[in-house]
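These are my notebook entries on one structure. I set down what I looked up, entry by entry.

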Amino acid sequence: MTNTSLTSSAPEVLYNALFDALPGNSILLAIDAPRFTILAATPQYLKETATTKESLIGKGAFEAFPTNTDDVNDTGERDMRASCNYVLLHKETHYLPVQRYDLKNEDGTFTEKYWRVSNKPVFATDGQVGYILHSAEDITSKIKSLQQEEKMKGLEKAHNLFMQVPAVIGITKGNDHVLELANESALKLWGKSADIIGKPLSTTIPELHEQGILKLFDEVRETGKPYFANEVQVSTYRSGMQEVRYFDLVYQPYFDEDAHKATGVFTLSYDVTDMVMAKKKVEESELKYRTLFESMDQGFCIMNVIFDSNKQPVNFRYLEVNPAFEKQAGLKDTVGKTILELAPDIEKRWFEVYGNVALNGEPIRFIDESKALGRWFHVYAFHIGGNESRTVAALFTDITAQKKAEEEIRESEERFRNLADDSPMFVFIIDADPTASVSYWNKMWLDYTGQTLEEAIGRAWHGIIHTDDVPIVMEHYVPAFRNRNSYFIPAVRVKRHDGEYRWHAFKGSPRYLPDGDFNGYVGVGFDIHEQKLAEEAIKQSEAQLQIKVAERTLELENQKNLFDNILKNSSNGISVTEMIRDESGNVIDANTILANEAAIEYIGLPKEVFLAKTAVELDPNILDSTYGQSCLRTLATGEPAISQYYMEITGRWQELTISKLDDDHLIHIFTDVTRVKEAQLQLERTVEELKRSNANLEDFAYAASHDLKEPVRKIRTFSNRIQHNLQGRLLEQDLHYFERMEKATERMQYLIDDLLEYSHVSSATDYSEEIDMNKKVEQVLEDLEVEIAEKQAQVIVGRLPVIKGHRRQMLQLFQNLLTNALKFGRPGVGPVIKISAALVKGENIGMPNVPEECRSRMYNLVEISDNGIGFQQEYADKIFKMFQRLHSKAEYEGTGIGLAIVRKVVENHKGFIRADSEPGQGTTFSIFLPTE
């Protein structure tokens, strides 16, 4: 495993923060043997070694702590290096209980130091050693105390030494393990006083027996062999409370003077609880980090940003990703790979964003789209590591579905507003507000009231609705808002821009967000002024009104019984109209006397309005329309009719079946075909407009080019005459001007000729002639024989098919394509032009604009390829347009019409053309002509 994998599995920003919080004496080493770079250190370790983070982090272990070459007893570097290599080889912890490793002073001298050392492997997710946790306890004072003890003579001096050592020391003797000696550290650990000395441990400290320690004493005494153990868990009781601590143990056999068999055990125990707890915290922190990393729903990755020699970001490599990464980013097998390997078309701005984070260290949160990945992302990116680090971490979420939903909502709202602005009625949107605050009015309202949209927003209607009618509005609106119901306001007065009030009715329907939350109302308002005035007039003659109402009610009841079942069960709109005749018996108008709910829905007007107004009131031109004439014809002949009718007041198309009920009544069965009709009309208008535009363009091109030929000819003729008459009197600059005039008129002549050719191609109509394409290519090659020879070109022609088409246009096609291939050859390279043919199916043409009906047809494929200068593929469509050039006139002559003629010829023959090219690699023109 490399240092790169190390960085990806334990991000520096994480383990530095972790080690700052750990107790104990530990450092984290990279596995880049033989250097073993120091990655992090605990505060206690820095204190014990009298060093700083700045002097350690990033240095090799043996660079930071050099060996004392003046003292052969300093074996620290040798043993430490061997221990680290042992950990890498065996993948297990290695202990060095007592280790001489001197510390170098600032003046170059060394201080003698002894350490108890352990090197523990920390594994990566793949089971390999990721790094080494080095723990060291300064036992210099202990070792020196022991050394001093060897030098000291006398039991008293030895006793004092034991009592002062900051380790747990004791001596037991005999089978009963009588405690002969115990220092203060031992008594403190056991929570005992000196009274236990001279007594058996099995009775004074029974927990030692329960934990198997006394059994170990027996083994050491019986075998005479010492016992060593590290990080042993020991339970003690102090003040009645159990306490668990960890020790490195040394049990040494103790011999009385002149004894050949051990009579007791000398015990030395070092409290390493702090170091053990520190290691556990490291392991727990790593586990928490890994658990969070693995369980996040958001994608998370760590990347190394790659810069070029100019310090510009050009790529980035994935060092580590979490399981959610693949789902959110849509990428697989990313670790160790660059983004350009995974997504070659990735947008360059991603390099710039992550490059800025890597360079300036500032985090960034943004939303952006990657067309290469086909997704939108919400991203939070931040820098990890030191100032020189180019590592960036990113936390991101795929929000493509949310973006699509927002776009659909925006398009829906745009369609609604366009539709609303074309409506002859008021259209409005009310926020989810009990005071009926309006957030949108359509153009009809703004034109009627004279308000701007800004003036109309909010409760601006309060100054437009008559003051006396505002309570009526709220009387209907507030209960509906409270219950989330529709509402209908039958009549309120609305002030027009000229100050006149007219009666209007208003209807509102609740609207809801995609998640089901109530979001206010959308509604309409319509003019009922004439109806209201009529009602007032009727009220003035109440008696007459009552008679008419009674008569009308009876008639409606009869009709209702007749059509009730039909109206109730029909999904089509059904209505019955009664004819209104003049004194001579001629039909002059009609009333709708019956309409089912489907009819009301399709008509698009409130039922009260639809039934109250006559046909002529709704549409003054209805009797003269095709629909009106169909009605009169059915009424006269009794023959049913089918008609389409556009209701201008609602902007809807209806398709109706008209049947005669009796001499004064017609039955209408209909449905709404507005969308179909609008699409049909739009298509017809577009087709007619295109035909007219194409015809005008062709006429103009032909006429303009034809009429320009004579003026250009005269300019050239008179220029030559003037130059001839002034021969010998013209300055060199004058001759230069005449030369430029000659070239300009010559280019104009070419342009006019090409325009005439293009107009001829556009006006040809006969495509039934059988054409041998082999002969056409031979004819073109004969015409270009001189140019082919001058350019030392090689033309390779395969067998070509016989097609039906226009003879002269096919000649123009090959003439322009071969001329084009010769013109754009590479300097110093002889042109090689290949012409071949094959049969392909329409579905294999490989172009986006192939209609569905053409995909099953067979096509003759003719390919003309060259080894010329080529061009960028993004210009493949541009080259076929009129006057479009990819090079200046100074580089290559021409008018920019030749390839436009080629495409026009192909289109005339119901075919397709495609250009594929790459700079410096030549161009291939693929022409697809139908076989039938």
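I began with burial: a residue counts as buried under 20% relative accessible area, as exposed over 50% and as partly exposed in between, with a 1.4 Å probe and protein chains only. I worked on a predicted model, in which local features need pLDDT of at least 70, side-chain atom pairs count only at pLDDT 80 or more, and totals for chains, interfaces and linings use all residues. Residues are numbered from 1 along each chain as its sequence is written, and side-chain values use heavy atoms, with hydrogens and water left out. I took helices (H or I, at least four residues) and strands (E, at least two) as DSSP runs, numbered from the N terminus.

**Entry 1: helix 21**

I looked up helix 21 (residues 529–539) and found His529, Gln531 and Lys532 buried. Seen down the axis, the buried residues of helix 21 fall within an arc of 165°, so they line one face of the helix; the arc is that of the directions from the helix axis to the C-beta atoms. I then asked which elements the buried residues of helix 21 pack against. They are strand 20 (487–495), strand 21 (501–512), strand 22 (518–527) and helix 24 (607–612), where contact means heavy atoms within 4.5 Å.

I traced an open sheet of 5 strands in the order 2-1-7-6-3, with antiparallel pairing; two strands pair if DSSP finds at least two bridges between them. Strand 2 (38–41) and strand 3 (94–100) are the edge strands, each pairing on one side only. I noted an average twist of 25° from one strand to the next. Between strand 3 and strand 6 (residues 114–123), which run antiparallel, I found 5 bridges, and Gln99 stands opposite Trp115 in strand 6. Helix 6 (residues 76–90) packs on this sheet and touches strand 1 (26–29), strand 3, strand 6 and strand 7 (129–138). The direction of helix 6 makes about 175° with that of strand 3; axes are lines fitted to C-alpha atoms, for helices over the stretch in contact, and angles run from 0 to 180 degrees between N-to-C directions.

**Entry 2: a hairpin**

I followed strand 15 (residues 364–370) and strand 16 (residues 375–384), which pair in the antiparallel sense over 7 bridges. Ile367 stands opposite His378 in strand 16. The two strands form a hairpin with 4 residues between them, and Gly374 in the turn has a positive phi of about 70°.

I traced another open sheet of 5 strands, in the order 29-31-32-34-33 and with mixed pairing. Strand 29 (794–797) and strand 33 stand at the edges with a single partner strand each, so one side of each is left without a neighbour in the sheet. The twist averages 20° from one strand to the next. I found 8 bridges between strand 31 (residues 832–841) and strand 32 (residues 858–865), which run antiparallel, and Val840 stands opposite Tyr859 in strand 32. Helix 29 packs on the sheet, touching strand 29, strand 31, strand 32 and strand 34 (923–930).

**Entry 3: Arg914**

I located Arg914 in strand 33 (residues 912–917). Is Arg914 buried, partly exposed or exposed? Arg914 is partly exposed, with a relative accessible area of 23%. Arg914 and Gly846 lie 68 residues apart in sequence and 9.0 Å apart in space, C-alpha to C-alpha.
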